[in-house]
Every structure is written in structure tokens, then in C-alpha cells.
Amino acid sequence: MHNFNFPSLDSKEKNYKVLIKQIEALIEGENNIVAIHANISAAIKDTFNFLWVGFYIVKTNKLVLGPFQGPVACFSINKNEGVCGASWKQKKTIIVPDVNKFPGHIACSNDSKSEIVLPIFKNKKVFGVLDIDSSRENTFDQIDKKYLKKIIKLIELKLI
Ligand code: SME
């Protein structure tokens with residue numbers, strides 16, 4: 001079993017680099033997609049102590065709650081609803097510095113202040129999204145986007 005409680009490093013970028021190596025080792029040889037999503041959400045939350053880290057998976061015409069770590073969350077989200085639905089519809093990463101300023105934001109927890117949502121692709125269609133909430137405003141930037149996209153690539157390789 002891998003230990004995610006590594007000493008705090010001096011930059012977010014270094015933390016992501018270590019995290020990605022740990023995730024690569026963790027999921028090597030694993031093909032259970034639910035278990036992979038579960039452990040990746042745990043690894044990200046353990047590393048950065050974000051409020052909520054999890055997945056919503058496309059089922060028919062909705063995003064349905066998948067494996068996650070954090071407070072209870074809404075079971076399903078319609079296309080173009082909230083940040084997750086917007087990421088699904090637009091097929092792109094959305095960074096929200098202040099959730100109160102995002103029209104239609106779905107507040108699963110009042111403690112959520114900023115958010116990043118990235119789409120996951122399978123056969124060029126959106127398979128689901130990775131959603132991360134922070135209890136502080138302005139948490140996510142281009143560094144998060146860059147490294148979380150690398151984590152998503154690791155998931156996409158398991159979906160082929
Ligand atoms: N805030 C999200 C909903 C999901 S929860 O944050 C876990 C949204 O607006 O899509």
C-alpha cells in the first residue's frame with residue numbers, strides 16, 4: 001500500500017509531481033474503473049486536503065455521482081447545470097475562483113468557495129468529470145489544470 005502522507009513540499013507543482021508518480025504506481029495493473037476512481041479521489045484529497053474530490057459519470061443524459069471523498073453531494077446533474085454540467089457541455093476545463101459568482105453553481109456544501117472541473121474522455125465523448133471543491137476562494141489555477149489533466153490521462157488510458 002502506498003503512503004500519501006508525504007512531507008509537505010515547497011510548491012504545489014512538486015506535490016503534483018509526487019502525487020502523479022504515486023497514482024501511476026497505485027493503479028498499475030488495475031482495471032476496476034470504480035476502484036481506480038475511488039483511490040484517485042482519495043489520493044488527491046489526501047495530498048491537498050481539498051474539501052471535496054470526486055467524479056460524476058455520464059449515464060444517459062445526466063451526470064451521476066461516482067466515487068468521491070468529502071461531504072455528501074448531489075446524486076445527479078443535468079447537462080449545462082452547474083459547473084460540472086457546463087464542463088460536460090463545453091467539453092473543457094472550468095476554473096471557478098469564486099463559486100458565488102458562477103451563475104447556476106450547484107452548492108452541495110456551503111463550505112465550497114472555489115472549484116475546478118475537468119472532463120474525462122472516452123472515444124472522443126465525455127465519459128465523466130473530475131470535480132474538486134476548495135473551502136478557500138481562488139484555489140485553482142493553470143498549475144492545477146496542467147497536472148490534473150495528466151491524472152485524467154492516466155484514467156483515460158484505463159477506459160480504452
Ligand atoms: N458544485 C458542483 C456540483 C457538485 S458538488 O460541488 C460536489 C457544480 O456546480 O456543478
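The legends below describe close-up views of a predicted model.

**View 1. Lysine 12 forms salt bridges with aspartate 141 and aspartate 144**.
Lysine 12 and aspartate 141 form a salt bridge in which the closest N and O atoms are 3.2 Å apart. Aspartate 141 sits in the loop between β6 (125-134) and α4 (142-159), and lysine 12 belongs to helix α1 (residues 12-27), so this contact ties together parts of the chain that are 129 residues apart in sequence. The side chain of lysine 12 also meets that of aspartate 144 in a salt bridge, at 2.5 Å from N to O. This second pair links helix α4, which holds aspartate 144, to helix α1, which holds lysine 12, across 132 residues. Aspartate 144 is buried because its relative accessibility is 0%, and buried means under 20% relative accessible area. Aspartate 141 is partly exposed, at a relative accessible area of 31%. Lysine 12, at 23% relative accessibility, also counts as partly exposed.

**View 2. Glutamate 13 and lysine 146 form a salt bridge**.
The closest N and O atoms of glutamate 13 and lysine 146 are 3.7 Å apart. Glutamate 13 lies in helix α1 and lysine 146 in helix α4, so the pair ties together parts 133 residues apart in sequence. Glutamate 13 counts as partly exposed, with 28% relative accessibility. Lysine 146 is partly exposed too, at 43% relative accessibility. The structure holds 5 salt bridges.

**View 3. Four lysines gather in a patch of positive charge on the surface**.
The members of the patch are Lys79, Lys89, Lys91 and Lys125. Lysine 91 is found in the loop between α3 (82-90) and β4 (94-96). The relative accessible area of lysine 91 is 46%, so this residue is partly exposed. Patch residues need over 30% relative accessible area and no salt bridge, and lysine 91 passes the area cut-off with its 46%.

**View 4. Strands β1 and β2 pair in the antiparallel sense**.
Strand β1 covers residues 52-59 and strand β2 covers residues 62-69, with 6 bridges between them. Isoleucine 57 stands opposite valine 64, which is in β2. The hairpin of β1 and β2 has 2 residues between the strands, and threonine 60 in this hairpin takes a positive phi near 50 degrees. In a regular strand, side chains alternate between the two faces of the sheet.

**View 5. Strands β2 and β3 pair in the antiparallel sense**.
The pairing of β2 and β3 runs over 3 bridges. Leucine 63 has isoleucine 77, in β3, as its bridge partner. The two strands form a hairpin with 6 residues between them. Glycine 70 lies in the turn of this hairpin and has a positive phi of about 130 degrees.

**View 6. Asparagine 80 has a positive phi although it is not a glycine**.
The phi of asparagine 80 is about 70 degrees. Asparagine 80 is placed in the loop between β3 (76-78) and α3. With 40% relative accessibility, asparagine 80 counts as partly exposed.

**View 7. Lysine 124 has a positive phi although it is not a glycine**.
The phi of lysine 124 is about 65 degrees. Lysine 124 lies in the loop between β5 (114-122) and β6. Lysine 124 is exposed, with a relative accessible area of 76%.

**View 8. Leucine 118 lies in strand β5**.
Leucine 118 is buried, with a relative accessible area of 1%. Serine 11 is 107 residues from leucine 118 along the chain, and the C-alpha atoms of the two residues are separated by 22 Å.

Notes:
Residues numbered from 1 in each chain as written. Predicted model: local features only at pLDDT ≥ 70, side-chain atom pairs only at ≥ 80, totals over all residues. Heavy atoms only, no water. Patch = residues over 30% accessible without salt bridge, like charges linked within 9 Å, V, L, I, M, F, W, Y side chains within 5 Å. Areas by Shrake-Rupley, 256 points an atom, 1.4 Å probe, with all protein chains shown as cover. Lys, Arg positive; Asp, Glu negative; His and termini not counted. Charge placed at Lys NZ, Arg CZ, Asp CG, Glu CD. Helix = DSSP H or I, 4+ residues; strand = E, 2+ residues; numbered from the N terminus. Buried < 20%, exposed > 50% of the residue type's maximum accessible area, 1.4 Å probe, protein only. Pairing = 2+ DSSP bridges.
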